[in-house]
Amino acid sequence: MAWIQLISNLAIPVMFVAIISYGIAVEVKVYDCFVEGAKEGLEVMIRILPPLVGLLVAIGVFRASGALELLTFALTPLTRIVRIPSEVMPLALMRPISGTASLALVTDLIKQYGPDSFIGRITSTMMGSTETTFYTLAVYFGAAGIKNVRHTILAALLADLTGIIVSVWICGFIFGWN
Amino acid sequence: MLNYIWAGMIVIAFVVAFFTGRIEETTKAALDSASTAVQMSIALLGIMCLWTGIMKICEKSGLIKVIAKVIKPLTKRLFPQVPHNSPAMGAIVMNMVANMMGLANAATPLGLKAMNELQKLNRYKDTASNAMCMFVVVNTASIQLIPATVIAIRSAESSNNPFEIIVTVWLTSLAAVFVGVTMAKIMGRNIKFGVWSVRRKKVSRKLDV
């Protein structure tokens, strides 16, 4: 799987060079743009810090008290069917509901198990490849004034479920099942 | 919803802690987690700024418009009911590209514009058209070229290779989008399927756009 590593490693440098060169080519003040954008990044981080504190505290106490162990234990029969480690199940359940809460769970899982562990890789893949489904649904349909969303929820949740299961399988296939 | 989940987690945690005798550890975890949140934010801050900075160049230089042209044949197939050069199609394509590039700040307004344009084409104003369902499903499945936040967390936790998950993210996203789009296409054909709840009789076979 060396070529997969290669593509992963080249994705960012290629994008950096392509975006900056194109900017220079069409005579955009690339550095000024960069600074403006970086400021937006700062604003985003400031905005998510208070919810992140609240959610990480909730996850922290939930883990330390032993409640998380109870929950993952209860979910084990379900997860065994599709070979999902029960440790990542709380993330799978939270992902469609809240982006910041998922981010907090990802932070917690990667800290606990390490970024290069099987669970760390699954967590990363799951987080990167799914969206906050219910939030998107509420915002977009709310803005258009739609009351009956027909099959959207079912199709979107099936896509999420696919993302959750496939992220485990792909990680197992590429990095090994441990 | 998050209000209940958050409150539930904290209350359940302390009740469980009472029974497992871990009250002290649990209290300590609360304080530690609060400072972890701040440390983590600081660790992420640099990479997030770097990324949003680069992406601003992408936005300002009009590169996303160029990419939008490239993927247009694909969107024509996804949204056969939407006229090719309509403002609706323009907003849809731009939103999809912005999402791919991880430009969340640009993607949301474009997405809202797309929904409003689709609503103008929609025959039944309180019921989603097939194009709207497809658009939201594609949006919720999220194809991100560079999962910047995850990479930032991985490198903050000193991963040997923070980028190694890029390809696994692409493959997983493709699988999720494929399932979402296929399901939306199949269920979109069956008008009764999603319309049982509201105004079932009024929605005719011509529901689409």
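## The two domains of chain B

In this predicted model, the centres of domain 1 and domain 2 of chain B, taken over C-alpha atoms, sit 33 Å apart. Domain 1 covers residues 1-51, and domain 2 covers residues 62-207.

## Helices in both chains

Let's look at chain B as a whole. Chain B has 9 helices and 0 strands, so if you walk along it from the N terminus, you read α-α-α-α-α-α-α-α-α. Chain B has 209 residues, and 50% of them are buried. Now take the contacts in chain B with a separation of 6 or more: 64% of them are between residues 24 or more positions apart.

Chain A is built from helices too, with 8 of them and 0 strands. Read along its sequence, the pattern is α-α-α-α-α-α-α-α. Its C-alpha trace spans about 60 × 50 × 35 Å along the principal axes. Chain A has 178 residues, 48% of which count as buried. For its contacts with a separation of 6 or more, residues 24 or more positions apart account for 61%.

## Where the chains meet

How many residues of chain B are in contact with chain A? There are 92 of them, and they touch 91 residues of chain A. Several helices of chain B give two or more residues to this side, among them H1 (2-20), H5 (104-121) and H8 (166-189). H2 of chain B supplies the largest share, with 25 residues. By class, the side of chain B that touches chain A splits into 54 nonpolar, 28 polar and 10 charged residues.

## A pair of helices across the interface

That brings us to H2 of chain B, residues 23-60, which packs with H2 of chain A, residues 30-64. When two helices pack, you describe the pair by the angle between their axes and the distance between the axes. Here the angle is about 160 degrees and the axes are 5 Å apart.

Are these two helices roughly parallel or roughly antiparallel? They are roughly antiparallel, because their angle of about 160 degrees is over the cut-off of 145. H2 of chain A also passes H2 of chain B in a right-handed crossing. The residues of this helix contact come out as 29 nonpolar, 9 polar and 7 charged.

To finish, zoom in on a single residue. A:Ala144 lies in helix H7 of chain A, which covers residues 133-144. Is A:Ala144 buried or exposed? A:Ala144 is buried, because 22 other C-beta atoms lie within 10 Å, and the cut-off for being buried is 20 or more.

Which residues is A:Ala144 in contact with, leaving aside its neighbours within four places in sequence? The partners are B:Met115, B:Asn116, B:Gln119 and B:Met132. Look back at the helices of chain B that touch chain A, and you'll find H5 (104-121) and H6 (130-141) among them.

Technical notes. Residues numbered from 1 in each chain as written. Chains lettered and ligands numbered in written order. Predicted model: local features only at pLDDT ≥ 70, side-chain atom pairs only at ≥ 80, totals over all residues. Axes fitted to C-alpha atoms, helices over the stretch in contact; angles between N-to-C directions. Helix = DSSP H or I, 4+ residues; strand = E, 2+ residues; numbered from the N terminus. Parallel < 35°, antiparallel > 145°, perpendicular 65-115°, else oblique. Left-handed = near helix turned anticlockwise from the far one by under 90°. Nonpolar A, V, L, I, M, F, W, Y, C, P; charged D, E, K, R; others polar. Buried ≥ 20, exposed ≤ 12 C-beta atoms within 10 Å, placed from the backbone. Contact = placed C-beta atoms within 7 Å. Domains from an automatic or database assignment.
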